[in-house]
Amino acid sequence: MKHIFLILFGLALMLASCDKFLEETPTGSLTDESQITSISGGEALATGAYRALPEWTGGSVWWGGNRANALEYATGKAYSQYQGAELWKFEQNSESGDSEYFVHPWNMWYKGVRDCNLALKMLPGVTELNEDQLSVLLGEVRTLRAFYYFCLVRHYGDVVYNTEIVTDLADAPRERSSLVKIYNEIIVPDLEFAVNESALDDKQSSDGRVTKHTARAILADVYLTMSGYPYQEAATDTTKAWCEDGLWSMTGYPVNSQSATSLLQKAKTQLDFLYGKYQLGNFEDIRNPAMDNKGEAIFQIQYVAGLRNNGIISTTLPLASQISMFGDENGTGIPSVAYYQSFNPADKRIKDRVYFFEDDTKSLKYDQNESPAAKFAVKFLYKYYDTEAIKVTGESGLNFNIYRYSDILLMHSEVYWALGINSEDEVKGINQIRTRAGLPTFQPGELNLLDIMSERAYELIWENKMLFDMRRTRTALIDGVGEFAGIEDFVGHQPTSFNFEFSAKHLLAPVSSTEIDNNRMCSQNYGWMPQQVAQ
């Protein structure tokens, strides 16, 4: 069961509940001068901090374009049947900050930051909240603000620093701050407060709201990411314009520095705590709405069928295949053939109707007999095959995973490997994943980076992990047959379907053109357009 908090902003704030968490319908406006004193008002303020999350799978660009898919397009391991989704721009190195694929995420994550800042300013003034109630809500909101900023710095590098409510438009234009400063002064303090000081429950979330388990998972990922790139290079000299000038040159993972080791140890603390708190379920749990906020789920974006639909579902279906009740079947969210061929043939995850499928029946919308549809030309992603939505309703409330236990297990093994701890603890996480997949396990000391990144690519396929894995390790997997053929430096790697090699430019995304246009103090990342007027 999920809980929904219906927020009505106008002359008053109301809180309602329903079957799923986080449905909000704004009917007016709320400012930091509004007077909110009730417990329900305080809860509504905190709930507002979640409202940007469902935009994660929203549409972008043209028909079939999707923000979650775009994070896969940039890896070079995606395929699209319909070119209007503009995968070809990634393949031909012709993307720019004008694309909604970069405008929408910037706006989405900063919307989240603004909602969090508003809540954090107003919550201490909600007089009916007792100390523990206030602490819980502050823990939720600070976790979410940290997550939004974590998304921003991983994608764009240096970003605009803002922890206050902007009330004067003259104060809105600001220079980008070093990603190191964002990590050190916002992301880490917010998450450490949630984990170490707040009164959040230290358990799995059952309704989609943040708990300490959520904060621990994000914090572990933050520490792991900071132990790699670009943090470790940018931290060597925070006065340099790393992002604007493309000064990146460091390679080699794990990074050999005292800072990196310390951060890995901190990540280990959180991962050790979470290890064993969950159980791996069945593969079908991922695509079953009845398992939302259950099983492996640690942090999920909440959707409500018919109200806030998961936008990725129809994009993963074959183009105009008539197999579903959806109005559109886009064929724009497909792992590349080379990616699929890099799986071990013995891997259960590529068996029909586990993570992939190759045929289906027509839906009642097109064929009352539900006759077999034509066999698909390639393998399509079955991971998000919400049967009720596809065959009955045409609307999906399937949650989207941000963190699940499989990710924790794989991070756990990576951290032990990176620290050089060659023990059973090093391999127990990755071995649980491989055992479920029907693959041989590793012995202590056998792991290498290719093994770790390959397993992340197999298990977490199309969960928006690969691009950030590539950036933090500055490596890329080479497509192969039955396995990835190898792993090499990110810069110089040419994906199978791309007509160019990655350069330092591709270590970051282009800053949104709307930010460049509206904030004359904001500069563009190296190699990308549009550039600032004076840049």
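A salt bridge is a side-chain nitrogen of Lys or Arg within 4 Å of a carboxyl oxygen of Asp or Glu. In this predicted model, D221 forms such a bridge with R154, and the closest N and O atoms are 3.8 Å apart. Because D221 lies in helix α7 and R154 in helix α5, the pair ties together parts that are 67 residues apart in sequence. Helix α7 covers residues 212-226. D221 has a relative accessible area of 7% and is therefore buried; R154 is buried as well. Leaving aside residues up to four places away in sequence, D221 touches F150, R154, Y403 and M411.

The structure holds 35 salt bridges. One of them links D425 with K428, with 3.0 Å between the closest N and O atoms. These two residues are three apart in helix α14 (residues 424-436), so about one helical turn separates them. D425 counts as partly exposed at 29% relative accessibility, and K428 counts as partly exposed at 23%. Elsewhere, salt bridges that share partners join E296, D347, R349, K383, R404, R434, R436, E455, E459 and E463 into one network. A further salt bridge is formed by D359 and R353, whose closest N and O atoms are 3.2 Å apart. D359 is partly exposed, with a relative accessible area of 30%, and R353 is partly exposed with a value of 30%.

The interior is considered next. In soluble globular proteins, nonpolar side chains tend to be buried together. The largest nonpolar core in the model has 154 residues, and W56, F147, I187 and Y403 have the most contacts inside it. Helix α5 (residues 131-156) supplies the largest share of this core, 13 residues. When residues up to four places away in sequence are not counted, W56 touches R67, A68, L71, M108, W109, F147, C151, I301, Y303, F400, I402 and N464.

Helix α1 is mostly covered, as seven of its ten residues are buried. The buried residues are G41, G42, A44, L45, A46, T47 and G48. Helices α4 and α5 are among the elements that cover them.

V195 is found in helix α6 (residues 179-196). At 4% relative accessibility, V195 is under the 20% cut-off and so counts as buried. Apart from residues up to four places away in sequence, V195 touches K212, A215, R216, L219 and Q270. From C-alpha to C-alpha, V195 is 35 Å from D489, and the two residues are 294 apart in sequence.

On the surface, W62, W63, Y82 and L319 form a nonpolar patch with about 410 Å² of accessible area together. W62 is located in the loop between α1 (39-48) and α2 (67-73). Its relative accessibility is 60%, so W62 counts as exposed.

Several backbone features were also found. Most residues other than glycine have a negative phi, and most peptide bonds are trans. N93 is not a glycine, yet its phi is positive, at about 60 degrees. N93 lies in the loop between α3 (87-91) and α4 (100-122), and at 29% relative accessibility it counts as partly exposed. E370, again not a glycine, has a positive phi of about 50 degrees. The loop between β6 (356-357) and β7 (380-381) contains E370, which counts as partly exposed at 33% relative accessibility.

Y253 and P254 are joined by a cis peptide bond with an omega of about 5 degrees. P254 lies in the loop between α9 (242-245) and α10 (258-274). The peptide bond from M529 to P530 is cis too, with omega near -5 degrees. P530 belongs to the segment after α17 (513-518).

UniProt places "domain: SusD-like N-terminal" at residues 72-224. This span is 57% helix and 4% strand, and its end C-alpha atoms lie 21 Å apart. For "domain: RagB/SusD", UniProt lists residues 334-528. Over residues 334-528 the chain is 33% helix and 10% strand, with 26 Å between the end C-alpha atoms.

Conventions. Residues are numbered from 1 along each chain as its sequence is written. This is a predicted model: local features need pLDDT of at least 70, side-chain atom pairs count only at pLDDT 80 or more; totals for chains, interfaces and linings use all residues. Side-chain values use heavy atoms; hydrogens and water are left out. Patches are made of residues with over 30% relative accessible area and no salt bridge: like charges are joined within 9 Å, nonpolar side chains (Val, Leu, Ile, Met, Phe, Trp, Tyr) within 5 Å. Accessible areas come from the Shrake-Rupley method with a 1.4 Å probe; for residues, only the protein chains shown count as cover. Buried means under 20% relative accessible area, exposed over 50%, partly exposed in between (1.4 Å probe, protein chains only). UniProt positions are given in the numbering used here, feature names are shortened, and annotations may be inferred rather than shown by experiment. A nonpolar core is a set of buried Ala, Val, Leu, Ile, Met, Phe, Trp, Tyr and Cys residues joined through side-chain atoms within 4.5 Å. Contact means heavy atoms within 4.5 Å.
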